[in-house]
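Please look through the sequence and the model side by side before reading my comments. I have set them out as numbered points, so that each can be checked on its own.

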Amino acid sequence: MPLAPEKMRESCAPSQCFLLNASFPERRRPPACSPAPPFTPCHKRCGRWRMGRGVFRFLALAALLAACVDKQQAPCDPADDASCSIVKGNPCHVDSDCGDGRCVNGTCQVPSTGAQATACANVKCAANEFCANGVCLPSTPQCKPPDPACIFIPHGSFEPPTHDWWWPWQTPAGPDDTTGHRAFRTDVEYPDYTQVMSTPVVMRLHAGDQEPAVVFNSFAPNQGEVVETQGVMRAVRGSDGSPIWTAPHDMWQHMEWSTDGNSSIAAGDCMGTGEVCFITGSWDPSDVSRCDGWTGTCTITGKTCKTNGDCYPSSHQHGGLIAFGSDGRFLWLNRAVQIWWGAPSIARLLGPTGPAQIVVGNGVYDGATGKMLCPQTLSPLDQISGNGDGTLTAIADIDLDGIPEIVTGNQAYKMTADPASPTGYSCNSIWRHSVEMPRGLPCAGGVGSACPDGFPAIANFAKYGSIMGLKPDDPHPQIVVVSRGTLRIQDWTGGILLSPLPLPADPTCNGEVNEGGAPTIADFDGDGMPEVGVAGQGAYLVWKPGVNFIWQSKTRDCSANTGSSVFDFEGKGEAKVVYSDQCFFRVYDGKSGKALIEEKNSSCTAYEMPIVADIDGSGRAKVLVPNNNICNYYCPEWPGSDKYQLQSDYVGLKALKSPSDKWVNTRSIWNEHAYHVSNVNLDGTLPWPEPNSWAAPQSNTYRQNVQGQGMFSAPDLAACTVDVDLTNCRTGKAAVSTVVYNGGALLVRPGVSVTFYAVLQNGQTALIGTGYTTTTLQPGASEKVSVDWVAPPSSEAVTVKAIVDEKQTIGDCHPENNIAVSGPVKCAPLG
């Protein structure tokens, strides 16, 4: 059990600062708080405590010895581009400098339009079938042959998103709606539980489902200053945010099955039956520390007290681990786990059959029953508090023996059968000792030379060779750890490759501890080698071996534990950062750190992060962004007069999309905070053995979703012949229609517009009307769309033109076939 947090907390006068609506733990506040401006609430947090070994802090910083090297600039390759410059010799810094081109090595270049790899490249289908995105589908005769290699390559600069939906609000504009619908959906169960401060997951509830579900925890405000908040788990449809289920069912009768609203979720086939499960932190209504009137001490911590309020901050730290099935039913609960703001990981550690294993810190639990297989420990290493407020554990076969290890920030463990163990299993450390600085040097944030736990991520940096102290052909991965305000890198034996590098602190945060968020690993600058992205206090930073921090962009997150993810939205080989701080959601250019979009957002910030996935089954990437307003942070850069979070009503989960369908395809899954693509199959089953995410042909990334072979796959909507029904044109309405056919490689969701025009003999046009598709058009499918034609002409013959997706909101590989025209028609007189 961790040391009592109140024993480590520094005092702060209540008059200096307050949190309205706070369900945020007091342990995240800074040691002191600036007085508030007159007549306004203070926007800083007061007091902060540390858990476990975090009380032992040292100010020592280790030296970083990294050689600076010049990046070799690749010359323009005419084999890849028809012309190496949009305007010959035109210099640039970012893609937007080049209009519809790309900025490559400081020069504008034309995007490649040559042959692209498709998912059908090596697929052979029967004579009555055609291939669409790697799948053979029945070939139904239509107005044009299908295009199995249908691709759409987005050109130009990054396209800022629009809102697709915003749960629990009625419209995508959410609290900013101006159409008279600024209210919650009427189908929201437990409408007080709308605060979202954890990472959502995306997964199909059943393998045959047309679209995935988005599953997340939410909670109500005003719960006091605790590390675990009473919440519920929700599953909503990825297409529109409408509810599927809420767990626990009948929450008021099953408060003991509540979730910890601050913790994130791990999803997958936990029981080995093919059914997906959702595992997260739980909340225990009886886990309350009270003041014993006889002894004058708190029941949990033994601290001297006078009232129950003196003991409450040490309550709700032992909620445990809970699992729900694909329909939201309760599966199991284990109270002997501490998650707080952390997240479980799910994987197969014992082979291809039977239940999966759930990992929290170094603790391992049976996926079917929740039974403990290996305990989560505090001694000799604290594997509970992680980087301050809970653990995030990586699972990978770092020693390449075919069996995955449990990797925390300062140790790695292997799970083996052990007849002498009461559980039948043991999880033994594979390193001789925990991670230590060489030559007895002190490790920042640790105890002496021993380095503390933190947030791990795994990739291979061998391409950097001697800069990283590695052989260029070393197949082993390296472990990136963000811990106690530093970034370090370890090899697979626990040896230090990069000594703890301090993350820049924000002097305006009044001394609040600068922990650092969970790292992401991706190719940010497009040179084919990985870099590390991390959210620090007051800045998002990207670090590159041999160069140090290649950029940092200012943010506002004094708590500095917030995660981030990355995605290559345009398929250019350059990852962009997706991140939310206390006041804004941003997308950063991977090369320069320039904020490509900056959208008002609100969060008290825990470990949560926005994620990128195909959430609706369309294949296209979309972004999910959590929102909450349980704190009252001051956001001076917000537009308008409302500058405090409580004035914003920004709560829930919003989904963002490309308005012109220019974001490339991605996987329809994101199953845990430590997601790294190869850890889960698209149907939620868990691979054994898990492919090493750092080895070819995998992506060598961490917390980045990828496109795969069909990244540019696209639909191909076509308007077939236009039919005009003039049967009742003299006595009633006429009708016009066309068949919309999808001959491409991706499905298209309902709502595609079909606009009909009457074209006069002089070329002028008159709008007849607009209809919309009502079904999902899978590759090879079609739908007839009709509209009424009021008063068609009788004195002059006209043609009727049908245009599918006139505003080009869909990334269609052949927009030139979206138009069909009828022959001349007119409403002839009777007789």
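This is a predicted model: local features need pLDDT of at least 70, side-chain atom pairs count only at pLDDT 80 or more; totals for chains, interfaces and linings use all residues.

1. Residues are numbered from 1 along each chain as its sequence is written, and side-chain values use heavy atoms, with hydrogens and water left out.

2. The pLDDT, which is the predictor's confidence in each residue on a scale from 0 to 100, averages 84 over the chain, and 82% of the residues score at least 70. Residues 1–89, however, stay under 50, although the model has 247 contacts for them beyond four places in sequence, a contact meaning heavy atoms within 4.5 Å. Residues 110–117 also have a pLDDT below 50, and this stretch has 16 contacts in the model beyond near neighbours in sequence.

3. Four strands, in the order S11-S12-S15-S16, make up an open sheet with antiparallel pairing; strands here are DSSP runs of E with at least two residues, numbered from the N terminus, and two of them pair if DSSP finds at least two bridges between them. At the edges lie strand S11 (265–268) and strand S16 (330–334), each of which pairs on one side only. On average, neighbouring strands of this sheet are turned by 15 degrees against each other, direction ignored, where axes are lines fitted to C-alpha atoms and angles run from 0 to 180 degrees between N-to-C directions.

4. Within that sheet, strand S15 (residues 321–324) is joined to S16 by four bridges in the antiparallel sense, and Ala323 has Trp332 in S16 as its bridge partner.

5. A further open sheet has four strands in the order S29-S30-S31-S32, again with antiparallel pairing. Its edge strands are S29 (520–522) and S32 (548–554), each pairing on one side only, and its neighbouring strands are turned by 20 degrees against each other on average, direction ignored.

6. Strands S30 (residues 531–535) and S31 (residues 539–544) run antiparallel and are joined by four bridges, with Val534 finding its bridge partner in Leu541 of S31.

7. Which residue in the turn between S42 and S43 has a positive phi? The residue is Gly763, with a phi of about 95 degrees, in a hairpin that has five residues between its two strands. Strand S42 (residues 753–759) and strand S43 (residues 765–772) pair in the antiparallel sense over seven bridges, and Phe756 has Gly769 in S43 as its bridge partner.
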